[in-house]
Amino acid sequence: MLKVGVIGCGGMGKDHIKRLTDKIQGAEVTAVSDVFEEGAKAAAAICQAKVYHNSQELILDPEVDAVVITSPGFAHAESILEAIKAGKPVFSEKPLATTADDCLRIVKAELESGKHLVQVGFMRRYDKGYNQVKEALDSGEYGAPLMLHCTHRNREVGTNYTTPMAVHDTAIHEIDVLHWLIDDEYESAQVIMPGCTKYSHSKLKDPQIMLLRTKKGICIDVEVFVNCKFGYDINCEVVCEDGVVKMPAPAYPVIRRNAALSTTIDTDCFVRFRDSYDTEIQNWVENAKKGVVTGPTAWDGYLAAVTADALVKAQETGNVELIKTDMEKPEFYQ
């Protein structure tokens, strides 16, 4: 039984605690921590776990074999580095860290440890639809990918949501899953700003079109529209030399009523990717016991951060911005 400590007891933290307690096999939550005492106590009540208010104490607890981090992004780096130092597997919700420099610190610390310890919570790699597309692409039957057309639409966001968050909080998922899908890395980024929806505000340009070009010359466009109003709508289409592969939408019945046809559209990520979260955490638990990482690595987290920084810069300049890492991908992550 893998004994898990969870750092961060907000909505995502509680969701993972419930998942680890009620759905995941081979794991139990033995400790939780949060800077907010009441939140930590409420989370601990779900699983009868010990409560810490200091993440370092949780990591060093001998009754904690592995760590799940769901605290705010700015707090991730130090907790991850502590877990690496302690030699304990760690699952970090995205982002790995809020700066590329901190992500690189984590990569270097893991390299120095000589152990694969860090997995990042990019759950789309575990989605059935994306995996069906990847299987089709990897078969080679449709030739090389040439273009990708994607959408990431949210029904609405709060007034605290700003233009850069369209990258860091929204498109970050496409940044990770798309380079995995086509087995390539990014070369450049550009952002085009169409007319702004009436549902936006002065600090948010919405929608946005994000353009990425890979080292193999594949061109990607991602429509990010966070106030689309009609639902949570994720789409991905890959145009190849000998065919087009389009990701299926979630299966819902088609209803005939009042002289119209209709089908359900999800309204948030927790419904759309519920099964992906379950599969992701089950996979992490099984691999943590073996001392391996098969999901998104610290390098993937670093690459996402570097790409996100280029997109945010492109939001500001309107130019094509180059995407450069400070080191070549280590053999350790191949």
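This is a predicted model: local features need pLDDT of at least 70, side-chain atom pairs count only at pLDDT 80 or more; totals for chains, interfaces and linings use all residues.

Colleague: Which residues line the largest cavity?

Modeller: The lining consists of Pro-89, His-116, Leu-117, Trp-284, Asn-287, Ala-288, Gly-291, Val-292 and Val-293.

Colleague: How do the residues of that lining divide into nonpolar, polar and charged?

Modeller: Six are nonpolar, three are polar and none is charged. Gly counts as polar under this scheme, and Gly-291 is one of the lining residues.

Colleague: Let us turn to the whole chain. What makes the protein chain as compact as a globular protein of its length?

Modeller: The chain has ten helices and 15 strands. Its radius of gyration is 20 Å, and the globule rule gives 20 Å for 334 residues; the two are close, so the chain is as compact as a globular protein of that length. Along the principal axes, its C-alpha atoms fill a box of roughly 55 × 55 × 45 Å. Buried residues make up 52% of the 334 residues. Of the contacts between residues at least 6 apart in sequence, 73% join residues at least 24 apart.

Colleague: Which feature does UniProt place at residues 2–122?

Modeller: The unreviewed UniProt entry has "domain: Gfo/Idh/MocA-like oxidoreductase N-terminal" there. In the model, residues 2–122 are 45% helix and 23% strand, with the end C-alpha atoms 21 Å apart.

Colleague: Why is Lys-229 called partly exposed?

Modeller: Its relative accessible area is 34%. Buried would need under 20% and exposed over 50%, so with 34% Lys-229 is partly exposed. Lys-229 lies in the loop between β10 (219–225) and β11 (233–240), and its phi is near 80°, a positive value in a residue other than glycine.

Colleague: And Ala-259, buried or exposed?

Modeller: Exposed: the relative accessible area of Ala-259 is 89%, and the label asks for over 50%. Ala-259 is not a glycine either, yet has a positive phi of about 60°. Its loop runs between β13 (255–257) and β14 (260–262).

Colleague: How do you know that Asn-154 counts as buried?

Modeller: Its relative accessibility is 15%, and the cut-off for buried is under 20%, so Asn-154 counts as buried. Asn-154 is found in the loop between β7 (145–153) and α7 (165–182).

Colleague: What is Asn-154 in contact with, leaving aside its neighbours within four places in sequence?

Modeller: Contact means heavy atoms within 4.5 Å. By that test, Asn-154 is in contact with Thr-170, Phe-225, Val-226, Asn-227, Cys-228, Lys-229, Gly-231 and Tyr-232.

Conventions: Residues are numbered from 1 along each chain as its sequence is written. Side-chain values use heavy atoms; hydrogens and water are left out. On a 1 Å grid over the protein atoms alone, a cavity is a set of points where a 1.4 Å probe fits but cannot get out, and a pocket is an open set with protein on both sides within 12 Å along at least five of seven lines; lining residues have an atom within 4 Å of a point. UniProt positions are given in the numbering used here, feature names are shortened, and annotations may be inferred rather than shown by experiment. Helices (H or I, at least four residues) and strands (E, at least two) are DSSP runs, numbered from the N terminus. The radius of gyration is taken over C-alpha atoms; the globule rule is 2.2 Å times the number of residues to the power 0.38. Buried means under 20% relative accessible area, exposed over 50%, partly exposed in between (1.4 Å probe, protein chains only).
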